[in-house]
Amino acid sequence: MTTHPWFLGEATPRILAHRGFVPPDSEHVAENSVAALAAGRAAGTVYLESDCHVTADGDVVLFHDDDLRRVTGDPRPVAAVSTRELTAIMSTRGGLAILSDVLRAFPDARFNLDVKADAAARPVGALTARESHRVLLTSFSDRRRDVALEAARERGGDPATSAGSATLARVVGALTARLPRLAARSMNGVDALQIPERHRGVRVLSRRLLDLAHDAGVEVHVWTVNDPSDMRRLIDMGVDGIVTDRADQGASVKNQVL
């Protein structure tokens with residue numbers, strides 16, 4: 001399997017706290033907030049999955065959507081709001097997670113960062129360069145992912161990375177066409193495949209994909225899995241990581257299977 005430091009020192013299956021962890025009984029805690037990240041760590045996982053946008057000031061913040069509507073009711077894009085104003089808005093929702101701050105605040109955590117905006121790609125790479133031993137960079141856009149990786153490497157960093165959607169499509173397409181060597185070559189340069197079990201009714205995860213990825217030294221992480229029975233089934237199948245909104249249940253399942 002891969003030997004990037006992001007993967008070392010923690011036994012599989014890895015439990016990745018999806019946008020942190022919002023406990024069911026919590027009040028006024030938003031996903032991707034400082035409180036959600038802290039709850040993810042407290043639930044027993046070192047892996048914090050989050051998403052990156054930039055504010056009007058160019059600061060990288062952890063936010064999934066490109067606007068504030070779903071989380072705060074404010075329709076404005078994240079990129080149109082100043083860091084100061086967004087900090088005030090999020091002060092009653094668990095605290096705004098500014099990437100530079102949370103890298104310092106959670107020194108023992110490992111971050112799985114999804115670059116959601118073109119404008120965030122280079123800043124994310126630059127900010128994570130010194131911490132690249134505990135950072136995995138990804139994006140649905142392979143181009144955006146490559147820009148972030150390049151920015152990190154220009155500063156001496158070498159983050160782990162998982163495949164974007166175009167790379168994943170090539171891998172799955174080659175497997176479907178029974179071209180395993182082409183599928184394996186398509187995984188060159190990635191450390192993980194982070195995938196849904198199914199996409200629009202089409203199965204993405206398969207035994208063949210798992211075997212091919214493992215033969216190439218690439219891990220397979222499945223998102224977003226919140227039912228403990230599904231977690232156990234996927235772990236029994238051989239997946240290396242579970243991305244979940246329920247880090248508490250994921251940690252419990254992991255303790256049961258180890």
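## Ground rules

Helices here are DSSP runs of H or I with at least four residues, strands are runs of E with at least two, and both are numbered from the N terminus.

What you're looking at is a predicted model, where local features need pLDDT of at least 70, side-chain atom pairs count only at pLDDT 80 or more, and totals for chains, interfaces and linings use all residues. Residues are numbered from 1 along each chain as its sequence is written, and side-chain values use heavy atoms, with hydrogens and water left out.

## The largest pocket

The largest pocket has a volume of about 540 Å³. Its lining takes in 28 residues, and the closest to the centre are Phe-140, Gln-194, Ile-195, Pro-196 and Trp-223. Two or more lining residues come from each of strand S1 (14–18), strand S2 (47–54), strand S4 (110–115), helix H7 (165–176), strand S7 (192–196) and strand S9 (202–203). H7 gives the most, with 4 residues. Sorted by class, the lining has 12 nonpolar, 10 polar and 6 charged residues.

Here's how those terms work. On a 1 Å grid over the protein atoms alone, a pocket is an open set of points with protein on both sides within 12 Å along at least five of seven lines, whereas a cavity is a set where a 1.4 Å probe fits but cannot get out; a lining residue has an atom within 4 Å of a point. Points are joined across faces, edges and corners, and the volume is the space filled by probe spheres set on them. As for the classes, Ala, Val, Leu, Ile, Met, Phe, Trp, Tyr, Cys and Pro count as nonpolar, Asp, Glu, Lys and Arg as charged, and the others, Gly among them, as polar.

## Two nonpolar cores

A nonpolar core is a set of buried Ala, Val, Leu, Ile, Met, Phe, Trp, Tyr and Cys residues joined through side-chain atoms within 4.5 Å. Buried means under 20% relative accessible area, exposed means over 50%, and partly exposed is in between (1.4 Å probe, protein chains only). The largest core has 28 residues, and Leu-62, Leu-99, Val-102, Phe-111, Leu-113 and Val-124 have the most contacts inside it. Elements giving two or more residues to this core include helix H1 (34–42), S2, helix H4 (99–105), S4 and helix H5 (118–128). Take Val-124: leaving aside neighbours within four places in sequence, Val-124 is in contact (heavy atoms within 4.5 Å) with Cys-52, Val-60, Leu-99, Val-115 and Leu-137.

There's also a second, separate core of 27 residues, which includes Ile-15, Leu-210, Val-225 and Leu-234. Leu-210 is one of the buried residues of helix H9 (residues 207–215), along with Leu-209, Leu-212 and Ala-213. Among the elements covering them are H7, helix H8 (180–186), strand S10 (219–223) and helix H10 (228–237). After H9 comes Gly-217, with a positive phi near 75 degrees.

## Aromatic pairs

Rings of Phe, Tyr and Trp (its six-membered ring) pair if their centres lie within 6.5 Å; planes under 30 degrees apart are stacked, over 60 edge-to-face, and the rest tilted. That gives 3 aromatic pairs. In one of them, the rings of Trp-6 and Phe-7 have centres 4.8 Å apart and planes at 70 degrees, so they sit edge-to-face. Both Trp-6 and Phe-7 are buried, and together with Tyr-47 they form one aromatic cluster.

Phe-140 and Trp-223 are edge-to-face too, because their planes are at 75 degrees, with ring centres 6.3 Å apart. Phe-140 lies in the loop between S5 and H6 and Trp-223 in strand S10, so this pair ties together parts 83 residues apart in sequence. Phe-140 is partly exposed at 47% relative accessibility, and Trp-223 is partly exposed at 32%.

Most residues other than glycine have a negative phi, and most peptide bonds are trans. Now for some exceptions. The peptide bond from Thr-12 to Pro-13 is cis, with omega near 5 degrees, and Pro-13 is in the segment before S1. The bond from Trp-223 to Thr-224 is cis as well, with omega near -25 degrees.

Two arginines have a positive phi. Arg-178, in the loop between H7 and H8, has a phi of about 60 degrees and is exposed at 65% relative accessibility. Arg-200 has a phi of about 55 degrees and is exposed at 77%.
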